[in-house]
Each structure stands twice: as structure tokens, then as C-alpha cells.
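Good morning, colleagues. Please look at the sequence and the model as they come up on the screen.

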Amino acid sequence: PQQAITRGMIAEIIYRMENSPEFSGHSFSDVTAGKYYASAVEWANSVGIVKGYGDGTFGPEDEITREQFAAILYRYAGYKGYSTSAAADLSSFTDAAHISGYAKEAVSWANAENIIRGRGNGILDPKGGAKRSEAAQMLMNYGLKYTA
């Protein structure tokens with residue numbers, strides 16, 4: 001549960017939640033065909049759920065940050081047609097200013113929907129890595145909200 005979860009793992013989880021749709025493509029220089037996550041990353045990118053770093057790479061082996069994961073779940077909710085209009089005031093978190101610009105709306109939504117919570121002591125830790133246990137909790141919270 002305390003092991004890091006990677007960007008490739010999250011793409012694979014979302015892909016399996018969608019029953020592993022048939023897809024082939026090659027968008028990222030660091031997503032090697034044949035890797036367990038290759039089809040998942042390429043499919044999720046093709047439908048706008050995941051994005052790369054802007055330099056032609058995805059970083060499938062990189063530990064996912066909490067804000068990256070929130071952004072993926074936000075885009076996934078939009079892909080599924082769910083409302084993503086909820087927004088929380090994050091000003092009570094002492095590190096709210098550290099949320100990347102691309103992720104602010106997604107983190108605010110995820111907090112409003114109780115998908116992501118703080119780590120205690122007024123800290124959200126948006127750039128901190130998500131552990132497998134945290135990812136499982138966030139996915140469960142998402143599922144309770146959107147599939148129940």
C-alpha cells in the first residue's frame with residue numbers, strides 16, 4: 001500500500017475500467033509497444049484523459065503526483081459525461097499556491113467531490129506522490145460518487 005503508483009499504472013486502471021477498448025497508436029516516445037500500459041496510455045491520450053509532458057514524452061514509469069491524478073480523474077469524469085462543475089475553496093490549505101495552473105480546476109473539483117483530501121495540518125501536497133493506498137482511496141471515492 002505504501003509503494004508509489006505510476007502514471008502508466010493509472011492509465012491502465014482507467015483503461016480497464018473502460019473494458020480495455022481496442023486501440024493502437026504511438027503518441028509518446030517513451031511508451032514502448034508491448035509494455036503492459038502501452039495501449040492504455042495511447043487510448044487514454046486519444047480520448048483526452050491523459051496528457052504528456054509537452055516534450056513528446058508521457059513518463060509512464062514516473063510516480064504520479066496527487067495533482068496529476070486529480071487532473072486525470074477530472075478529465076475521465078468529463079469523458080464519461082459527468083458534471084465537473086463542483087469547486088472547493090482551497091485557500092484553507094497552506095500549500096494551495098503550489099498547485100500547478102493546469103491542475104487547479106481539477107484539484108478544486110476533486111476536493112469538492114471528496115475524491116482528494118488533505119494530508120493533515122492544512123497541507124494538500126499537490127506535488128507529492130500518490131501511494132497505491134491513496135490511489136485506491138481516490139478511485140473508491142470517485143466510484144462512490146459517479147458509479148453508485
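What percentage of the 148 residues of the chain count as buried? The figure is 45%, where buried means under 20% relative accessible area, exposed over 50% and partly exposed in between, with a 1.4 Å probe and protein chains only.

Some remarks on the basis of these values. This is a predicted model, in which local features need pLDDT of at least 70 and side-chain atom pairs count only at pLDDT 80 or more, while totals for chains, interfaces and linings use all residues. Residues are numbered from 1 along each chain as its sequence is written, and side-chain values use heavy atoms, with hydrogens and water left out.

I turn to the overall fold. The chain holds 5 helices and 0 strands; here helices (H or I, at least four residues) and strands (E, at least two) are DSSP runs, numbered from the N terminus. The C-alpha trace spans about 45 × 30 × 30 Å along its principal axes. The radius of gyration, taken over C-alpha atoms, is compared with a globule rule of 2.2 Å times the number of residues to the power 0.38. For 148 residues a compact globule would have a value near 15 Å, and the chain agrees, with 15 Å. Among contacts with a separation of 6 or more, 74% join residues 24 or more positions apart, contact meaning heavy atoms within 4.5 Å.

The largest nonpolar core has 43 residues. Such a core is a set of buried Ala, Val, Leu, Ile, Met, Phe, Trp, Tyr and Cys residues joined through side-chain atoms within 4.5 Å. At least two of its residues come from each of helix 1 (7-17), helix 2 (38-46), helix 3 (66-79), helix 4 (104-112) and helix 5 (132-146). Helix 3 gives the largest share, 8 residues.

Which residues have the most contacts inside this core? They are Leu-73 and Trp-109. Beyond its neighbours within four places in sequence, Leu-73 is in contact with Ile-14, Trp-109, Ile-115, Met-138, Leu-139 and Tyr-142.

Finally, consider Phe-69, which lies in helix 3. Is Phe-69 buried or exposed? Phe-69 counts as buried because its relative accessibility is 0%. Setting aside residues up to four places away in sequence, Phe-69 touches Ile-10, Ile-64, Ala-135, Met-138 and Leu-139. The C-alpha atoms of Phe-69 and Ala-130 are 8.0 Å apart, although 61 residues separate the two along the chain.
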